[in-house]
Each structure stands twice: as structure tokens, then as C-alpha cells.
Amino acid sequence: MWDQFISLMINILLFIYNLIGQNFGWAIIIFTVFVRLVTYPLNAQQMKSSKAMTEMQNSKKWQDIQKKYKDDKETLAQKQMELYKEMGVSPFGSCLPLLIQFPIIIGLYQAIIRALAVTPLQLVNLSKHVSDGANLIPINSQFWWMELSEPERLPILGIGIPVLAILVVITSYIQTKMVSPPGAPGADGGQGAQMTQAMTLYMPFLMGYLALTFASGLALYFIATNLATIAQYMITGQANFKNILPKLPNMNR
Amino acid sequence: MTKTKKFLFIIILALLALGLGACSGRRIVAAGWSGVTAAEETVYFSYGPQAYALSLKNGSQKWAYPAEPINGVDFYAAPAFTPDSEQLILATYKNEVHSVDPDSGLKNWSYTVPSDSRSAVRFIASPLTTDAGIFAPASNNILYALDFDGNLLWEYQTEDPLWATPIWSENCQCIYQVSMDHHLYALDPESGSLLWKSEDLGGPIVSPPAISESGLIIVSTFNNEVVALDENSQGVAWRFQTRNWAWASPLIDGEQVYISDIAGKDDAGTFFALEVDTGDVLWQIQPGGGIFSAPLVQDGLIYFTTDASSLVVVNQDGVVQRNQPFEGKLYASPVSGGDQLLLAPSESEYYLIALNQSGVQVWGYPPAKK
């Protein structure tokens, strides 16, 4: 099942690669956008659920039960579940679409690495996934200054600068900030806020670390998917530009 | 953030790291299969971070090179002797060709390919050594010619990576190099100048061709085809359609040539015996699995391996004598080591095993833990 899924992804990737004149970097970018379009209903559902959750957590009812049962975790959890039901919000509504996308991310990365096939065992593996397409081999893995099958560094004055990893951190940060709705839970500086802030900070660096150490085809995918997400939020009018810059202390006090 | 979400977030990150790490392109545990060369009393082979010299008699290790693995440096190409047998040439997956003393395993010299640091230059195939020098094909599309002190004599660039050892032609007194760019190049060994270049043979070529006594150069291609080129006219003498990619080198045995293909999506690989001069099929068998390397002919029997983990023994009429399963995958050619047969399995507890004539294992390396 998983192998068939990977085969499908590899063959779509190679089809795009061939269609656009055998440029693997552009093939990754176009494939990423294509995957975002195909999974748009899932993303839309995730955005909708996330918004509903934010609204519910900002509601007076929610705040009241937090205060009322703050010392009784069991009852608090029970009341929260009741409120979820009452307001028609699923606690997993924004997580499930993310979980469904997870195999797609892994599959896409495996498809990229397997298609590049720069060693004999990788080519053996690729041969089991492509029925045709021998004429596309070897895949041209050069894209601008990058070798897509290797971690990327741009040599400047003898120093290898990880340009893609830096771009991954920046775009991940912008994307995470931009998609956080105004008045997101935890604006009160409580535990929720700390967790959200930690995620906003750690997530881009985690992605940056992956981009730094794995094949640069993955970094290219991260950047493409971040930019596609930002574009998607902008097009649907849900982008929150105010969140991007760090909040300055209130000078009027 | 609720506890459930926190938990899911951590699970996602862990799975993401595992999922990506499982197929990292950065550091590969095994990127190729072992290359084996047997001499009178010693067998030399490369596998991963080291090359080894073992006693043919009992498989005991004589030396390993380098003595301690160097991070990121892998050896897979079969070690090649220089014509005087004084040097053993080892090609790496990271920019270097090494010469070592076959007796001691100590380094004589190494040649480092100038690299632009974007990616490693891999020497997938073993170098060819002739009186004119050492000819090492590389993944950066270049054939490097070195003298016996490791100095660069010349280099010749093709359009795509070189994964096949060049071959020497007595007839043309030249070397033939095949490329993934679909062409065969005839080069002058002294100067590296191009003597002639074949037409587009239809698909990538990753294994050395074979030359018949009548001057046919027989080439396996990924275009599901084996093509015979006439050395004199430089044109195509015959073509033979295989079912899948023809990966393994052809082997000429008298009036027959043995060729094979890998397994397709719904089809096992096929082993064919063709008439050398015409390309007509004499017989064919499908023992199961794909065939990635040339067969060995010994004492009137044909030995070949499949990635279905079997050693297949066939007589010259195509009748299977033995189909012997092994642990791991068998991609590399069987090699004759005196009265023993040497196999280098991948994904196995042994890097190398020696069999007697009946197929019984005599020894394995590394030795099994007691």
C-alpha cells in the first residue's frame, strides 16, 4: 500500500519533471503546489476548525469554566467536552487534517529522494517504482547553485552558507505567525500562550535543522509549501500580517 | 493548547523525524554493493567504509583499509590491480582514488578530484588499469586517466555520469567508455582524445560492454535492449529487445553471449543466451528476481545471482542445475576464487561468503559470532 503510494508520487513527480524540460527543482516546486491544491479541502477544514476553536476558547463560557474549575482538572475536562459538543466544535478538528497530510509530507520526501537515485542501490529501488521512464535517468539534480540530493551550502568567500535552511526558518516563522488568528488562545499569557509561543519559536528552527541536514530537495519542498500556505491564507483573506512583527511594549502607559 | 493537542504535536514531530530520517539522502548505510577481486591466495573486496584483504583459504582478515573508517568515505568498486600487480587501486564514493600495497594494505598515494563542494564525486565503478595508466570513471561525467604515481594524465567529459568500468580493445588499441548519456566513446589511452562515438543507443548504460573475437561490442542499455556495435564500421550490427532494463554486463562464452534484465513491475528478470554474431535467442530462463550483474562461467556451468537472493547455476543448454537461496540480496557477480565461488550479499550478516563446488559454505566474513 505504502509502496504503491510512493510509486504514484514518484511517477507524478517524474511526469512533471519531463513535462517542464527536465528541471527537478521546478518539478519539486510545481509538485508541491499541486499537492497543496489536491489537499486544499483538508487545509480549508483545518483552517475552519482552528478558527472555530479560537472563537470558542475566547468565548465567555469557556473563560468562565476555566476559572470555575481551575482546581478540579477532571471536572474541567468534562465541562470542556460538554462545551465542545454544545458549540459543535471537534477537539480534533484541526489536528486530524494535519495528521492526514503527514503521510503526504513523508511520501513526497521519499519520492524526491528515490527519484534522484545517485547510487546503484537507489537506482535499483527506483527501478521498482517506474515502469517506464528509463530515458529520464539520470535525473538532473542540479538546480541553480544546489545539488538537490545533498544538503545545500552556497560557498561565499570560502564559507558554505546554508541559504535554503535560513529561508526555511524565515518562511516557517512568517507562515506560523501569519496563520495564527488574532486573539488566539492564551493571549492572556497563560500556559496556552506559552505553548503557542514556544511552538512559533521552535517549529521554524526544527524545520531549519531538517533543511540543514537533509537533502536540499526537502528544503526546497519546505520553502515551496510555506509560500503556498502563506499565499493560500492571503487569497482567502485569513492572513494575519499584524502577528509577523514582534509586539512592542505599550509606550502609552 | 490542550493536553491532547500537545500530545499529538509531539507525536507528529517524532513521526516526521523518523519518517524523514529513515530515507535520508545525507548518509546512506549501504549505497552500493560489494566489489570483489580474487588473486591467487587472497580475495580483495570493498564494502562501505573499508576495503578488505582476506585469505582465500579460510576467510581470515589480512588487512582492512583504511585501518579505521573515515567519516563519509565509502568503497564499493572492486579493487583493481595495476598490470605489474604491485598496486591495488581503490576508488571511493567521495572524490578520491587510492593506491595501496596489496600485501600490507598500506597507502601508496591518493588522487583527489577537484570538487566544487556542492556534492561528492562518486567512483561507482572500478577503474581499468592498462600499461598506459589507470582509467577511473566518475559520477561527475568525467573519465580520469592517472599514471601509476597518482598524477592526472588527462580527463574526458561526457554528458552524464559514468557508472561502468571502461574496457580495453586489442583490436583498436583503445578504451571504450559507456555513459549514462546513451553513448559509447572510443578514446585514445595516451591522449584521451576521442576516436569515435557511437550513435545514441537509446538508453542509459551502467555496465561495461563485452567485445567478441569478431569485433562486436555488446552493450546493455536501460532502453530494454542489448545492442551490438561493429568495432570496424562503428554501426549497429544487431539489436535484441529485453523485457526490462538490461543492467548487467553481457558475457561472451564461445559462440554464445549471456545477457539479462532486471525485474519489471509485474515480471521477473530474464536470463538469455544469444548467438554472438546474430543476436538470435538460443534459450532463456526466468528463475525469479532481477539480474543486476554479469554471470560467471566456470567448468562449463553458468553462475549468476538475482535480487530474489538466489544463486542460479545453469548448464550451457539453459537447464537449471541449482537455484540456491541465500540470506540478503545478491546484486554482485559471483567471482571465482580458486576452487571456491565467492558471493558478496547485501543486507546480510556476511559481507562475503565462499562456497565449495557443491554450494556448501566454506567460510563467511565477518566470521559468525560464537
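**Exercise 1: the nonpolar core**

Find how many residues the largest nonpolar core has, and which of them have the most contacts inside it.

Solution. In this predicted model, the largest nonpolar core has 156 residues, and those with the most contacts inside it are Ile112(A), Ala211(A), Leu218(A), Val219(B) and Leu352(B). The element that gives the most to this core is helix 6 of chain A, residues 96-116, with 9 residues. Turning to Ala211(A), and leaving aside residues up to four places away in sequence, one finds that Ala211(A) touches Leu164(A), Ala165(A), Val168(A), Leu218(A), Ala219(A) and Phe222(A).

**Exercise 2: two helices of chain A**

Determine how helix 4 and helix 5 of chain A are oriented to each other.

Solution. Begin with the axes of helix 4 (residues 60-68) and helix 5 (residues 73-87) of chain A, which come within 10 Å and cross at roughly 170°. Because angles over 145 degrees count as roughly antiparallel, helix 4 and helix 5 of chain A are roughly antiparallel to each other. Helix 4 of chain A makes the contact through Lys61(A), Trp62(A) and Ile65(A), and helix 5 of chain A through Leu76(A), Lys79(A), Gln80(A) and Leu83(A). Sorted by class, this contact has 4 nonpolar, 1 polar and 2 charged residues.

**Exercise 3: a sheet in chain B**

Work out which strands stand at the edges of the sheet formed by 4 strands of chain B.

Solution. The sheet is open, with antiparallel pairing and the strand order 9-10-11-12. Strand 9 (128-130) and strand 12 (152-157) of chain B each have a single partner strand, so they stand at the edges, with one side of each left without a neighbour in the sheet.

Terms used
Residues are numbered from 1 along each chain as its sequence is written. Chains are lettered from A and ligands numbered from 1 in the order in which they are written. This is a predicted model: local features need pLDDT of at least 70, side-chain atom pairs count only at pLDDT 80 or more; totals for chains, interfaces and linings use all residues. Two strands pair if DSSP finds at least two bridges between them. A nonpolar core is a set of buried Ala, Val, Leu, Ile, Met, Phe, Trp, Tyr and Cys residues joined through C-beta atoms within 7 Å. A residue is buried if 20 or more other C-beta atoms lie within 10 Å of its own, exposed if 12 or fewer, and partly exposed in between; C-beta atoms are placed from the backbone. Two residues are in contact if their C-beta atoms, placed from the backbone, lie within 7 Å. Axes are lines fitted to C-alpha atoms, for helices over the stretch in contact, and angles run from 0 to 180 degrees between N-to-C directions. Angles under 35 degrees count as roughly parallel, over 145 as roughly antiparallel, 65 to 115 as roughly perpendicular and the rest as oblique. Ala, Val, Leu, Ile, Met, Phe, Trp, Tyr, Cys and Pro count as nonpolar, Asp, Glu, Lys and Arg as charged, and the others, Gly among them, as polar.
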